[in-house]
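Here is a brief report on one protein model. It starts with the overall fold and ends with single residues.

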Amino acid sequence: MFKSPALSLILLGMLAVAVGIIAVAWPGVTIVALVFLFAIYAFMDAGLQAARAVSSRSAGPVLGHLLLGLTGLAAGVVALAWPGPTALVLVIIVAAWALAGGLAEILAGFQSGEAAGTRAMFITAGLVSVALGIVLFARPGVGAITLALLFGLYSMIYGFAQIGAGVQLRRLGRSVQAKSAVREAA
């Protein structure tokens, strides 16, 4: 689509920065948007499971796909009917993920064969993840807003990094073209 990889990186970065600004400016809207995206996903999953059930040749997979489709449909309806509790459940899922991942990182830090610096990084990252999980479990309402703000900050940092990479790639391309023109002239 784009002839220049540098331009695509710059545009991706600009989009990420814009999304990050929106997420930081309106964290409540960001949370609602995430809930609606989850509902859309659940409805799409329900439709695909129903299609798989209809196209299946035996009764066992038909029943399983129909049950999965009904579960997806119910999840989508619940998300739209009760967005607040759905957002809290999503925060609790992130909290459980952070807690489990953090514990796994701490255990990885105690494995033999890694350099001391690597082990320290694993343990530090694991402790941060465990702390995040505990805080989100303790205050899921505040956690939802915090997650929206963190998503916004992450998106902006990622966007600026992509813009920087695109600018560097563009400079590198010009530098290579200039050097090849000098070699051809010689």
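Read along the sequence, the pattern is α-α-α-α-α-α. That makes six helices and zero strands. Helices (H or I, at least four residues) and strands (E, at least two) are DSSP runs, numbered from the N terminus.

The model is predicted: local features need pLDDT of at least 70, side-chain atom pairs count only at pLDDT 80 or more, and totals for chains, interfaces and linings use all residues. Residues are numbered from 1 along each chain as its sequence is written, and side-chain values use heavy atoms, with hydrogens and water left out.

**Overall dimensions**

The protein has a radius of gyration of 23 Å, whereas a compact globule of 186 residues would have one near 16 Å. The radius is taken over C-alpha atoms, and the globule rule is 2.2 Å times the number of residues to the power 0.38. Along the principal axes, the C-alpha trace spans about 75 × 45 × 40 Å.

**Surface, contacts and charge**

The accessible surface comes to about 12200 Å². Carbon and sulfur atoms hold 76% of that surface. Areas come from the Shrake-Rupley method with a 1.4 Å probe; for residues, only the protein chains shown count as cover. Buried residues make up 23% of the 186 residues. Buried means under 20% relative accessible area, exposed over 50%, partly exposed in between (1.4 Å probe, protein chains only).

Contact means heavy atoms within 4.5 Å. Of the contacts with a separation of 6 or more, 77% join residues 24 or more positions apart.

There are 10 positive and 4 negative side chains, and the centres of the two sets lie 10 Å apart. Lys and Arg count as positive and Asp and Glu as negative; His and the chain ends are not counted. Each charge is placed at NZ of Lys, CZ of Arg, CG of Asp or CD of Glu.

α2 has 29 residues and reaches 42 Å from its first C-alpha to its last, close to the 42 Å expected at 1.5 Å a residue. The expected span is 1.5 Å times one less than the number of residues. Its buried residues include Pro 27, Ile 31, Val 35 and Gln 49.

Which residues does Thr 30 touch, not counting residues up to four places away in sequence? They are Ile 22, Ala 23, Ala 148 and Phe 151.

Ala 120 and Glu 105 are 15 residues apart in sequence. Their C-alpha atoms are 10 Å apart in space.
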